[in-house]
Amino acid sequence: MTRMQKEFDIFGLNDCFIAGGAILSTATKTKINDYDIYPKSKKGFEDAVEALMSENGCYLINASNRALTFKSNNHTNDNGERIIVQVMSFDVFPTAESIFEYFDFTVCMGAYDCDSKSYVFHEDFYPDIASKTLRFNHKTKYPLNSLIRVSKYQTKGYYISKLERLYRDWE
């Protein structure tokens, strides 16, 4: 059973996942900083960009080799700020698990499937949120970036054990 919002996709996307920090923020009832969109296919990517720009009043504010970043004129967060949306462009993600391979901590491993309108969570997602424990995904593709992000989560009250840090340092 989950107490997450049943209809999480405010953009009306298809062939995509919304994953990462927005899901964590929803689970912890904290402010959503941005929405990260992971397309399931090339067509999903194209359709997401089209939907954001035409139906959702978003405009492109940045393009990198990893993502297109948009700002919405139609949607605002709880503080009245326009919502930021990033559409990942560096790969396609046919399953939530394929997204999780890129994530560094289990507390980020939550995704909303825009097609089935259901959530997918790593088995440690809720236990680690409840205990405010940072546990590394030892399969992450970007381990050095994780070191920077540890302090971000520590300021939010998350704990990382010495053993977990040592394992990451020596892997």
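Reply: Let's start at N145, which is partly exposed, with a relative accessible area of 40% (buried means under 20%, exposed over 50%, partly exposed in between, using a 1.4 Å probe and protein chains only). This is a predicted model, where local features need pLDDT of at least 70, side-chain atom pairs need 80 or more, and totals for chains, interfaces and linings use all residues. Residues are numbered from 1 along each chain as written, and side-chain values use heavy atoms, without hydrogens or water.

N145 sits in helix α5 (helices are DSSP runs of H or I with at least four residues, strands runs of E with at least two, both numbered from the N terminus). If you follow the chain for 11 residues from N145 to K156, you find that their C-alpha atoms are separated by 18 Å.

Five residues of α1 are listed as buried: A22, I23, L24, S25 and T26. What do the buried residues of α1 pack against? Their neighbours are helices α4 and α5 together with strands β1, β2, β6 and β7 (contact means heavy atoms within 4.5 Å). Keep F8 in view here too, for it touches A22, I23 and T26. The contacts of F8 also include I18, I32 and Y35, as well as Y112 and Y119, leaving aside residues up to four places away in sequence.

α1 is followed by K29, which lies in the loop leading from α1 to β2. Is K29 buried or exposed? K29 counts as exposed, with 67% relative accessibility. Its backbone is worth a look as well: the phi of K29 is positive, near 55 degrees, and K29 is not a glycine. Most residues other than glycine have a negative phi. K117 has a positive phi near 55 degrees too, again in a residue other than glycine. You will find K117 in the loop between β6 and β7, and K117 counts as partly exposed at 40% relative accessibility.

β1 has two partners to find. With β2, β1 runs antiparallel and is joined by four bridges (strands pair if DSSP finds at least two bridges between them). Within that pairing, I18 stands opposite I37 of β2. With β6, β1 also pairs in the antiparallel sense, over three bridges, and the bridge partner of A19 there is A111.

β3 covers residues 58-63 and runs antiparallel to β4, with five bridges joining the two. A hairpin takes the chain from β3 to β4 through three residues. β4 then pairs with β5, antiparallel and over six bridges, and here T69 stands opposite Q86 in β5. β4 and β5 form a hairpin as well, this time with five residues between them. In that turn, G80 has a positive phi of about 80 degrees.
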